[in-house]
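Please look over the sequence and the structure below before reading on.

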Amino acid sequence: MPERGDSRWMRWLALSAAVAAADLATKAWASAAFAPGDVHVVAPFLNLVLWHNPGAAFSFLADAGGWQRWLFVGLSIVVSVALLVMLRRSGGNRLLAAALALVLGGAAGNLWDRVSLGHVVDFIQLHAAGYYWPAFNIADSAISVGVVLILADGLRDLRASRRAGERPGNR
């Protein structure tokens with residue numbers, strides 16, 4: 001349902017800030033509680049670990065020698081600016097605004113790590129039947145949920161435009 005007024009987009013920035021704060025707080029906790037490489041079993045499918053990822057998602061370019069840090073910092077800044085513009089223009093679409101805010105907050109959390117530490121702190125590890133998902137963090141989770149919501153919003157818009165184009169009796 002659309003919102004009224006253009007100034008309400010600022011509240012979505014609060015969601016972004018909350019995501020970034022939760023991400024940074026949990027990373028600080030994991031960094032204080034665990035040594036790199038520690039594995040703490042929480043459930044049959046969940047471990048807490050401490051992993052420093054100098055690369056991108058799935059450790060992409062992790063072994064690139066250090067230049068990738070600044071590439072990912074630059075990309076994160078460009079994407080964050082684009083997300084801010086999109087958020088400002090979301091037109092009161094709550095689903096899209098929430099999605100963009102989640103992605104922005106996650107990007108901010110990981111950007112802070114890259115700039116201040118030179119790597120991203122990951123600490124959540126899912127696994128099943130001997131297969132392990134790469135370790136991730138709250139920021140990665142927020143980005144993933146945000147992307148799914150962006151796709152859901154796009155599908156909703158596609159369905160609405162198809163319905164609007166239908167004529168009675170043409171089914």
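## Strand E3 and its partners

In this predicted model, strand E3, which spans residues 120–128, is mostly covered, since seven of its nine residues are buried. Strand E2, made up of residues 46–53, runs antiparallel to E3 and is joined to it by six bridges. Within this pairing, Asn47 is the residue that stands opposite Gln125 of E3.

E3 also pairs with strand E4, residues 131–132, again in the antiparallel sense, and here the pairing extends over two bridges. The hairpin formed by E3 and E4 has two residues between the strands, and in it Ala129 takes a positive phi near 50°.

Helix H1 covers residues 9–33. With its 25 residues, H1 reaches 37 Å from the first C-alpha to the last, which is close to the 36 Å expected at 1.5 Å a residue.

The C-alpha atom of Ala14 is separated by 9.1 Å from that of Gly105, although the two residues are 91 residues apart along the chain.

Lys27, also found in helix H1, has a relative accessible area of 3% and is therefore buried, the limit for that class being under 20%. Once its neighbours within four places in sequence are left aside, Lys27 is in contact with Gly109, Asn110, Asp113, Val120, Val121, Phe123, Asn137 and Ala139. Of these contacts, Val120, Val121 and Phe123 fall within the residue range 120–128 of strand E3, whereas Gly109, Asn110 and Asp113 fall within the range 94–117 of helix H3.

## Packing of H1 against H3

Helix H3, residues 94–117, packs with H1 at an angle of about 35°, and the axes of the two helices are 8 Å apart. The crossing in which H1 passes H3 is right-handed. Sorted by class, the residues in the contact of H1 with H3 comprise 13 nonpolar, five polar and five charged ones.

Methods
Residues are numbered from 1 along each chain as its sequence is written. This is a predicted model: local features need pLDDT of at least 70, side-chain atom pairs count only at pLDDT 80 or more; totals for chains, interfaces and linings use all residues. Side-chain values use heavy atoms; hydrogens and water are left out. Buried means under 20% relative accessible area, exposed over 50%, partly exposed in between (1.4 Å probe, protein chains only). Helices (H or I, at least four residues) and strands (E, at least two) are DSSP runs, numbered from the N terminus. Two strands pair if DSSP finds at least two bridges between them. The expected span of a helix is 1.5 Å times one less than its number of residues. Contact means heavy atoms within 4.5 Å. Axes are lines fitted to C-alpha atoms, for helices over the stretch in contact, and angles run from 0 to 180 degrees between N-to-C directions. A crossing is left-handed if the near helix is turned anticlockwise from the far one by less than a right angle, and right-handed if clockwise. Ala, Val, Leu, Ile, Met, Phe, Trp, Tyr, Cys and Pro count as nonpolar, Asp, Glu, Lys and Arg as charged, and the others, Gly among them, as polar.
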